Amino acid sequence: MNTIAASPMQPDMQEMIARYPAVFKPSFFKRFRGLIIFIAVIIYAFVGSSFLHIGKVISNGNWDIAGAYLADWISYEARPDIKFENDYLSIEFPRFSALGKDPHPDWIVESQETKEIMPEVEQYESAAPAQAFSFMAPDAPTAEKPAEPAKPASSFSFMAPDAPTAENPSDVGGASQEAKAEIKTVTTKAEVSIGPAHVTVIPGLVTITKGDETLVIEVERDKAVHPRGQLPSWAQQKYENEKVVARFGFDGRVEVQDYKVKVHHRFLGWENFIFDTNSPFWNKSAGEVFSLIMSGDRIDPEQSNFMLAIDNILNNGEWQHGDVWLKLMQTIVMAFVGTLFASIIAFPLSFLAARNVTPNRFLNQLIKRFFDFQRSVDMLIWALFFTRAFGPGPLAGISAIFFTDTGTLGKLNAETLENIDDKQREGIKSLGASPVLVQRYGVVPQVLPVFLSQSLYFWESNTRSATIIGAVGAGGIGLKLWEAMRTNQDWENVFYMVILILIVVYVFDTISNKLRTKLTKG
């Protein structure tokens, strides 16, 4: 068995401790560093959550609306209204419905009958007696000053031949003629299928079935909504006699009100993405569209079916592909031109700001403070300023990018120049070169790859920034994005534009990374 014996040459342990006190007797912070950091994080999280009321915000958040917004990114809703009339129903779709001008979807089944329908006649009460005095009409009849008796009307009025006359007085507070019944074919029952639910609507009664549960709701027209029995978990009535909302998850919901049943039926996908409802190619299969383009008769005598299809796609009223792509190109141009001008201006100014290149301290500080002034104000604020100066459009966006990036690139380039290797510059000086040639051959070769790399990075970054500043009127796709968000309904259009922006940013990021790699390593 081998043992390790202490060598007489080995220093004493006490001597080792005295020689290396930091190793054997670390400070309090080093010994408990992990515990201190953990406690600090817990305290910070507690204080931050209390200060920002995070718990209250989460508990009061309307997650149903947030979920609906997210669902709108990848789906669309059909929203028919089933209105209660006298003794029948009327089904109405929104004016710009995704189902077209006269929709008859297969998930709504109507039962119709031919009936005598009495039109509703509005009754008007006679005018109330006038007050003792009217500020707005001081000459109005009063108790002290009764009105003079009206003169008898003539038997004929050219402007209104059927107007009441002395020989043919009108009824007061009622209709002048009896309302006549009309024979109409009307809807007396509507059955709506929404995912796992089935809704049956007849005048005055709504029956909703989901799985094994059935909810019956009585409707007093223009008065109240009365559900029978206890509401199931998927239905809600916040206030007595008010509307009842039945939710069916992603498939949609139904709102039963005292005068109509509002249906929200959700479908996965983007509606009318290629052709809108006004296009002659709408609601046709890909084979039918291809056949019309290749061999069909001309729909528009002035252009071919192919050009008509292209025009209908670009000018799609719901998606506005042509305008969106044009605004996206404006965003790309804004980012490129703004970064290019900033790089050109920042290049010579950075040489004036570098202390080792320009030894004039006053000039150094002046240029650096100018860079600070440009950088201290965010690009979004500059965009607002230039929008006021030049009006809405790409010029304001280009100016905002150019002005902000000039300061940032100038500062970064000046710092790069101040950290160059002076040996190359001294070598050029020893050959008797002029100051300009010293900078050209002793400095520029060292910093040019770094300058170009930084400019490429800013070009890629400004593609994203141009989207943000476009929302304040500086042009580009940002304005279209903001307009779609303001409607609070076109979230699928928002997602469409977000995807286009992501694709553009990814492409430019890949190109920028490859060019920077070649510049720095080449």
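Analyst: Let's start with the orientation: H13 and H14 are oblique to each other. Keep in mind that this is a predicted model. H13 covers residues 422–430 and H14 covers residues 435–442. As for handedness, H13 and H14 cross in a right-handed way.

Now for who touches whom. On the H13 side, the contact uses Gln424, Arg425, Ile428 and Lys429. H14 answers with Leu437, Val438, Gln439, Tyr441 and Gly442. Sorted by class, the H13–H14 contact has 4 nonpolar, 3 polar and 2 charged residues.

H12 takes in residues 394–417 and H15 residues 444–474. Their axes come within 9 Å and cross at roughly 150°. That angle is over the 145 degree mark, so H12 and H15 are roughly antiparallel. H12 passes H15 in a right-handed crossing. From H12, the residues in contact include Pro394, Ala400, Ile401, Asp405, Leu409, Leu412 and Leu417. H15 brings, among others, Val447, Val450, Phe451, Phe458, Ile469 and Ala474. By class, the H12–H15 contact has 14 nonpolar, 7 polar and 1 charged residues.

Elsewhere in the chain, here's a strand residue to look at. Thr209 sits in strand S7, which runs over residues 205–210. With a relative accessible area of 28%, Thr209 is partly exposed. Setting aside neighbours within four places in sequence, Thr209 touches Pro196, Ala197, His198 and Thr214. Its C-alpha atom is 9.8 Å from that of Ser193, which is 16 residues away along the chain.

Zooming out, the protein chain has 17 helices and 13 strands. Of its 522 residues, 32% count as buried. Among contacts with a separation of 6 or more, 61% link residues 24 or more positions apart. The accessible surface comes to about 33,700 Å², and carbon and sulfur atoms account for 60% of that.

Key:
Residues numbered from 1 in each chain as written. Predicted model: local features only at pLDDT ≥ 70, side-chain atom pairs only at ≥ 80, totals over all residues. Heavy atoms only, no water. Axes fitted to C-alpha atoms, helices over the stretch in contact; angles between N-to-C directions. Helix = DSSP H or I, 4+ residues; strand = E, 2+ residues; numbered from the N terminus. Parallel < 35°, antiparallel > 145°, perpendicular 65-115°, else oblique. Left-handed = near helix turned anticlockwise from the far one by under 90°. Contact = heavy atoms within 4.5 Å. Nonpolar A, V, L, I, M, F, W, Y, C, P; charged D, E, K, R; others polar. Buried < 20%, exposed > 50% of the residue type's maximum accessible area, 1.4 Å probe, protein only. Areas by Shrake-Rupley, 256 points an atom, 1.4 Å probe, with all protein chains shown as cover.
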